[in-house]
Amino acid sequence: MITLKNVILRRSAKVLLNGASVTINPGEKVGLVGRNGAGKSTLFALFNGTLHEDGGDFSVPTSWRLAQVAQNMPETEESASDFVVGGDTRLVALREALARAEADHAADPDDAEIGMALAHAYTDLHDAGEHDAVPRAQALILGLGFKVHELDQPVNSFSGGWRMRLQLARALMCPSDLLLLDEPTNHLDLDALVWLEAWLQKYAGTMIVISHDREFLDAVTDVTLHIVHEQLTRYGGNYSAFETLRAQQLELQQAAFAKQQDKIAHLQKFIDRFKAKASKAKQAQSRVKALERMEKVAPLLAEADFSFEFKEPGNIPNPMLTISAASFGYRVAGEPPKTILTGVNRSVLAGQRIGILGANGQGKSTLVKTIAREMGALAGTVTEGKGLNIGYFAQQELDVLRPQDTPLEHMVRLARELGPNARERTGEQDLRGFLGSFNFSGDMVKQAVGTMSGGEKARLVLAMMVWQRPNLLLLDEPTNHLDLATREALAIALNEFEGTLMLVSHDRALLRSVCDEFWLVGRGRVGDFDGDLDDYQRYLLDEAKRVREEARLATREAESVAVAVAAAPSSQAAAQERQQRSNQAKPLKRELAQIDEQLAAAGAEKTSLEARLSTSLPASEIAETGRRLKALNDQIDALEERWLALSDQIEALAAA
């Protein structure tokens, strides 16, 4: 188990833990939560051994193997599959041991100890899963959203977010007793997130995860550690259970609770308002439940030190925009347009609150960017209502910020771009006050943006968007760098927003709490999704199964013998065709029977060799036996693959 007893932990001069004590038992799945700056990442550094306690006692079993996601961006020409296989540290070490043993044996083939080491290296490597390492790695890669044709592409050919997914896959590939995950969902779409939850639920070791996605924490953790006031408090249960218990504790602290009454009353006012407005549709009921959760944990939300609001829009056109017979996609110079979505006919009405769903790569970003005027429609029309004012938050927006400029300089430039009539108060002191409401206080308004954290940059983008008083909010993954408190503040602000909202997010808690209806982007179309987010998770799993089945069928068709038929055959022609297929199947069946015999013989020999290795043998025989065992394993793998291919071909001929 992991134990902390009266631990003192500092980062520079700041004390983060002061006499903290807690125990984490083997096999527990722990969510580590606390405000930004409370010490979550520093505590991770203690867990992984890069930082030592300044006082007290910390221990983790020395025999435990550690796995964690490397934070550096990988730079390598290795294929995606080979890079992830490299995450299996035991396998890599055994490969190196085998290479050394083979070199030693080549230099001195009669040495008994070297022969024994070589035999052990062969068997250890097989026991470690050498025979199926690549399929295991590729299952992880595909689960995290990559396509089959990308498995052998070099790591350097992928963008930064996809390379970080490969780092995650590499960590999951590593055999471990302790798995440390720091914001593992940041670069994931909802379909990859659902897959990751299922994988982690089956993980047998001890896991500690930092995440600002409350539904992810609910799905994969059974213990919550809260860092607050330089102490660690352990709560049995997931994040929702922690919220409830923490809210009850705060409610008992009457002095503090009394100071929060105004804020709680404000929360209650908007909760009551939107619960009354919500329809009986299934999607809206999800929102009602999310608002009821806010109602239950109002003291906890009131404790948060950050909140903001969207100003009432100047005007709200209705409809906001209309899309007619449109095709959306990309234009590349010198190439035909790449169409992603066709036949799009949608209207966005005043006051709608739309969640945009869709599996990875289906066109969500294409739809959002087209509505946001980042790209034009390939066909059809997008008609905007008079006075439409879009507030657009894009993932790449954080990269668009000028790193050398300060928050104040960004706001001054924005005020100039919008003209003197955009807002009445655009003086430096007014802009400073506005930035202060987004926690940019004091000298922070003069700090270069490039030195800020991802969460601070995201807050600045939110501030700039709020300042423009949009009537249509178009948000593409706005929570990637926001902590839990800021996500809750965003949910409250979006619920109070008087305009129209369109949201793409893998944060299901945010989708549930602010969206009344959903659009589904998939298979080249945009349509209504009539279920709620629980239905959508089932849809994603079914869609992934459908894609795998289509890939399997396509492979089977490619391997099967195609029978060309010029026209619909007569009964006689059909009989001839069946006979032809039967004739084609005969040699395949004969080969299948031969492989069955070869597999039986190879299996028997393998059993015999393994038995011999357990007895005393001369060194030369041990080495030769080890080599033969490795060759047999390779032969069995090849025979099994050929057996499966032949079976598919025979099945395809029978079904044709």
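In this predicted model, strand S6 (residues 178–182) and strand S7 (residues 206–210) run parallel and are joined by five bridges. One of the residues involved is Asp-182, whose bridge partner in S7 is Ile-210.

These two strands belong to an open sheet of six strands, arranged in the order S5-S6-S7-S3-S8-S9 with mixed pairing. At the edges of the sheet are strand S5 (66–68) and strand S9 (231–236), each of which pairs on one side only. On average, and with direction ignored, neighbouring strands of this sheet are turned by 20 degrees against each other. Helix H1 (residues 40–47) packs on the sheet, where it touches strand S3 (29–33), S6, S7, strand S8 (223–228) and S9. The direction of H1 makes about 155 degrees with that of S7.

A further pairing involves strand S1 (residues 2–11) and strand S2 (residues 14–24), which run antiparallel and are joined by eight bridges.

Attention may now turn to the aromatic side chains, for the structure holds 14 aromatic pairs. The ring centres of Phe-146 and Phe-158 are 5.2 Å apart and the ring planes stand at 90 degrees; because an angle over 60 degrees counts as edge-to-face, this pair is classed as edge-to-face. Both residues lie in the loop between helix H5 (133–143) and helix H6 (160–173), so the pair ties together parts that are twelve residues apart in sequence. Phe-146 and Phe-158 are buried. Another edge-to-face pair is formed by Phe-529 and Tyr-536, with 5.8 Å from centre to centre and 85 degrees between the planes. These two residues are likewise buried. Elsewhere, Phe-308, Phe-310, Phe-434, Phe-438 and Phe-497 form one aromatic cluster.

Aromatic rings also have charged neighbours. Arg-170 lies over the face of Phe-83, at 4.5 Å from the ring centre. Arg-346 lies over the face of Trp-519, also at 4.5 Å from the ring centre.

Helix H14 (residues 364–371) is mostly covered, with six of its eight residues buried. Among them are Lys-364, Leu-367 and Ile-371. Following H14 is Arg-373, whose phi is positive, near 70 degrees.

Another is Glu-477, at about 50 degrees, in the loop between strand S15 (472–476) and helix H19 (484–496). With 28% relative accessibility, Asn-439 counts as partly exposed, whereas Glu-477 has a relative accessible area of 4% and is therefore buried. A cis peptide bond, with omega about 0 degrees, joins Asn-318 and Pro-319. Pro-319 is located in the loop between helix H13 (298–303) and strand S10 (321–330).

The mean pLDDT of the protein is 81, and 82% of its residues reach 70 or more. Over residues 561–570, however, the pLDDT is below 50, and this stretch has eight contacts in the model beyond near neighbours in sequence.

Conventions. Residues numbered from 1 in each chain as written. Predicted model: local features only at pLDDT ≥ 70, side-chain atom pairs only at ≥ 80, totals over all residues. Heavy atoms only, no water. Pairing = 2+ DSSP bridges. Helix = DSSP H or I, 4+ residues; strand = E, 2+ residues; numbered from the N terminus. Axes fitted to C-alpha atoms, helices over the stretch in contact; angles between N-to-C directions. Contact = heavy atoms within 4.5 Å. Phe/Tyr/Trp six-rings, centres within 6.5 Å; stacked < 30°, edge-to-face > 60°. Buried < 20%, exposed > 50% of the residue type's maximum accessible area, 1.4 Å probe, protein only. Lys NZ or Arg CZ within 6 Å of the ring centre and 35° of its normal. pLDDT = per-residue confidence, 0-100.
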